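Hi everyone, thanks for coming. I'd like to walk you through a structure today, so let me put it up on the screen.

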Amino acid sequence: MPTSCRRAVALVPVALALALSAQAETIAFTGATLMPVSDEAIENGVLVIEDGAIVAVGPADSTRIPRGATTIDVSGSVIIPGIVDTHSHIGEVAGGDSSDPIQPEARVLDSINIRDAGFKRALAGGITSVNLMAGSGHLMSGQTLYVKLRDGNSIEEIAYRREDGEVAGGLKMANGTNSQDEPPFPGTRAKSAALVRQKYIAAQEYKAKLEAADGDPDEMPDRDLALETLVEVLDGTRTVHHHTHRHDDVLTVLRLQKEFGYRVVLHHVSEAAKVADEIAVAEVPVSLIIVDSPGGKIEAMHLEPYNAKALEDAGARVAFHTDDYITDSRLFLRMAALGVRAGMSRDVALRALPLEPSKMLDIDDRAGSLEKGKDADFIVLAGDPFSVYTQVRQTWVEGKKRFDLADPDDAAIATGGFGALTPSNSELEFHGYGEAR
Amino acid sequence: MSRKVTGLLLVACWFAASAHAADIAVRAGVLYPVTSAPIENGVVIVTDGKIAEIGPADRVAIPNGMRVVEAAVVTPGLIDAHSVVGLAGYLNQPGDQDQLESSEAIQPELRAIDAYNAREPLIEWIRGFGVTTIQTGHAPGEIIAGQTLIAKTTGDTVEEAVIKPVAMVAATLGEGVIVQAGGARTSPGNRSKAVAMLRAELVKAKSYRDKSIAASNDDDKDAPDRDLRMEALAAVLAGDTPLLITVHRHNDIMSALRLADEFDIDVVLDGAAESYLLIDEIKAAGVPVILHPAMTRAWGEKENLAFTTAAKLIDAGIPVAFQSGYESYVPKTRVVLFEAGITLPHGVSFEQALAAITIESARILGIDDRVGSLEVGKDGDLALYDGDPFEYTSHAVGTIIEGALVSDTEQ
C-alpha cells in the first residue's frame, strides 16, 4: 500500500474523532440580554448550547456553564430566537403552471434552487426557518415546504420532516383577484369558492374510499396525487396557507375552513382590521405583512400597519412574513417594528417573529423560542430588535454559525455590492403572476 | 442628536378664526434647522407662510394668540427628490397609471402638469410622514418618458400644488428602455441604439435651438416652426432644464456622463445602483446623484445595489439625495424618510441622512432658496416627530406646509 494511502486510512479515525468532538462541543454565550420570547427577558444572561440544541438559558448568577465549554462573550448584544418566516419566495420557488387553477399535486420541493442567494439573504436577516411558498395566481398553487436554514447541498437536507418521515409543508391557496383569470381559471369570487368546494368534496369522497378499503389493495381507489394531498389537508397533517386580502374574502376562507374542518393560516390579510373579531372567534391564526404604503392593487388599498394592533386587540394570534421579494428578508425585523409603530405591543410583536409562526408551521417543538431542548437557532443582535440602528451580527442554526457580520463575505451579503448576491433570479416576476393586476 | 427623546404630545391649540391660517408657532424638544446646529427647546415662528423667526425658546417670543404646535423633534419638511406619486395611482389600474407613455421612445414634450392628480391618496400618505415637497412626473422606462414637476404635497389642483411646472426631463438608459421583438415598436433593441437615438434627437434639438437664436438676433431669419418636442430639449441644451437620467449599471452610468460631456448639459444621475464603482468619474463630472431607494429590490439591473452606496458617495463629496422612486406593485410608493433611515447602520450619519432628504434634495432640485432648511425667509414647511425621525418605532405627528398644519395624525 503506498504511503499516501496508508496515511489517508490512518487519518480517517482522527477525522471522525474531530467530527464527534465538534458535534459535542458545548458553547456558552455570556453577557447578552436574552429574549427567550417564551419567557421574560434576561439581562446578563447565559445561553448554553450543545450538540446543536439549547441546554440552558438563564441569568449569569444562576446558570452553570459546563466544564470544558467554549465561552463566547457577547456583552452588549441582544439574543433572540431564530426568526421563522411563514411565507417566502426565496429559492426560485414555483408551483402549479397556467394549465389549471387547482394543482395541489405540484410540489415546490421539485423547483427549489438551493444555491439561490435568497437563502443567504434570509440568514443575514436572522431567519432560520422558512415556509417556501408558490405564488398566489391559483386557487391551489401547490405544496409548500418548511425548511431549516442549516447547511445543505440538496433541498431534502434542509427540509423539516413530519412524524411519518415525509417532508413537512402546507398547501398554498389563494382567493380574491390574483387567482382570477381567463378560463379554466375562475372569473369571479363565487366561482373561485365553488371550484374549491367541489375539489374538497372530491377529496372527502376519496378519503372515504381509502378508509373503506382499509389497506386492501383490491378495494383501494386509483392513486390521485391531487386528492392524496387534499386528504392530508382534511386529516390535519397539512395546513392550508391561504393568501387573502379583502374582508369578505377572509370570511370566505373562514366559511370554507368551517365546512371542511381543515387547519388554515390566513396570509397578508390587508383588511384584517375590519374582520379582526371574526378571525379571533374562529381561532384562525394570521400571518401579516406590513409594507410602506397601501395600494398596488385594489384589494390592497387598506393594507395598513394598523392591522397588527387590531388583531392583537381582538385576541387573534399573529405572525409576520416577508413575502420575499415583496420585502427583503434582510429587513424582516423592521416589519415587526412597524407593527409596534402602529400600536402593537412590543411583546406581541416579538412573539410574532419566532414563536407564533413556529406554531403555525408545527415546528414549535424545535424552533421559536430559547428553551432547553429546542434547536440552537438564535440570532445575536447589536441592540434593540426594533431599532433602525440595530444590525444582525450573527445567525446560528442548530449550533452552527451560519452568518457572521464580521466575516467580509457575509457582510457583503448583508449590505449588497457588486456580485455579492448574484441572484440567478433576474428573470423572475413577483409570485409568478407577472405584471400587477 | 437625540435618539431617545421622549415623545411629547402634539399640542394643537385652536385659536380664534381671526388668526391667519398661514401663521403658526412650532415648539420643539430638539429643532434641526439642518443648515445650522440643532437647537434644544427650539421655536419656529411662521407668518404668512414664511419662517419669520427661529431660535431657542428663551429668545423667541410666541406672539399672543398665535396657534402653537409642539413635538419632541422638528425638522424641515422632507423633500422626496424623485417620485411618481400623483401620476402612478395607488390602485394600480389602467385608468390611474399615467406615469409612462410607450407609443414612442422619446417624448420630452409630455408635461407632468397635465397628468398630476393632486388628490391621489398616496400624496396624502407620504405627507403624513413629513414629506412636504416632491419632484414627480414621468417614470423610468422610455429613453425620454416626459417631464417632471416639483410640487408641495398639498392643494386640490396641480395649480395649487406646483412650485416648478417643468423641473427636469426624465430619461432612462439601459435594459429598461430596450424593446423586445414582437411588440408595437422594435427600437431601441439594445444599449447602443438607445444612446444613438437620444444623441440624434439632441443633435436635432441643437439645430432647432441654433435656428431659434439666430432668428431672435436677426429679423431676416425665420424662426423654426414651433415643435414642442424640440422646445423641451432646447431647454435642456440651454441649461434651463436638467436631464434626469435613470441608470443603474456602471456602463450605463458612463453613457450618461458621456452625454453630459458631449452636449454640455446638466445631468442628474438617478437610481445609479452601481455608482459606487465610479466615484471618481461621477465626482469629476460634477453631477449629483438621486440615489435609488435603499429598499428597492435587488434584481435585474439593480442586482448589485448596496446599502453602503449612499455613504460612499457622500464621503466622496458627491451631492446625494434620496428618493421614493417608482414601484410597479406593492408597495406602490416608498417613503423617503424610511429609505434614508435604512442607510444609518451602513455608514451614513444622522445629519447626513437628514440633509439628503432636505437641503441636499433642495439644492439638486434648484429650490433651496425656498425649502430644505429652517431659515428666516424660507417657506414654513416643517415635519414633526415624537422621537428620532428615522427610528422605526417613532411617529410622524404633524406636517406643516407654508404655515398650515396639513397633517396631524400619528403615523
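Predicted model: local features only at pLDDT ≥ 70, side-chain atom pairs only at ≥ 80, totals over all residues.

Let's start with chain B as a whole. It has 10 helices and 16 strands, and its C-alpha atoms fill a box of roughly 65 × 50 × 40 Å along the principal axes. How does the radius of gyration of chain B fit with a compact globule? A compact globule with 411 residues would come out near 22 Å, and chain B has 22 Å, so the two agree. Buried residues account for 55% of the chain. If you take the contacts in chain B between residues at least 6 apart in sequence, 68% of them join residues at least 24 apart.

Chain A I'll describe by its domains. Domain 1 covers 3-76 and domain 2 covers 83-366. Their centres, taken over C-alpha atoms, are separated by 35 Å.

Now, back to chain B for the sheet. Here 7 strands make an open sheet, in the order 3-2-1-4-14-15-16, with mixed pairing. Which strands stand at the edges? They are strand 3 (50-56) and strand 16 (404-407); each has a single partner strand, so one side of each is left without a neighbour in the sheet. From one strand to the next, the twist averages 40°.

Let me show you both kinds of pairing. Strand 1, residues 24-31, runs parallel to strand 4, residues 68-76, over 6 bridges. Within that pair, Val30(B) has Val73(B) as its bridge partner. Strand 2, residues 39-47, pairs with strand 3 in the antiparallel sense, over 6 bridges. There, Val44(B) is partnered with Ile54(B). If you follow the chain around this hairpin, you pass 2 residues between the strands, and Asp48(B) takes a positive phi near 50°.

As a reminder, in soluble globular proteins nonpolar side chains tend to be buried together. The largest nonpolar core here has 249 residues, and the ones touching the most other members are Leu47(A), Ile79(A), Ala336(A) and Leu269(B). Helix 9 of chain A, residues 332-341, supplies the largest share of this core, with 7 residues.

Let's zoom in on Ala336(A). What is it in contact with, beyond its neighbours within four places in sequence? The list is Phe320(A), Ala349(A), Leu350(A), Ala352(A), Leu353(A) and Phe386(A).

That's my tour, and I'm happy to go back to any part of it.

Technical notes: Residues numbered from 1 in each chain as written. Chains lettered and ligands numbered in written order. Pairing = 2+ DSSP bridges. Helix = DSSP H or I, 4+ residues; strand = E, 2+ residues; numbered from the N terminus. Axes fitted to C-alpha atoms, helices over the stretch in contact; angles between N-to-C directions. Domains from an automatic or database assignment. Rg over C-alpha atoms; globule rule 2.2 N^0.38 Å. Buried ≥ 20, exposed ≤ 12 C-beta atoms within 10 Å, placed from the backbone. Contact = placed C-beta atoms within 7 Å. Core = buried A, V, L, I, M, F, W, Y, C linked by C-beta atoms within 7 Å.
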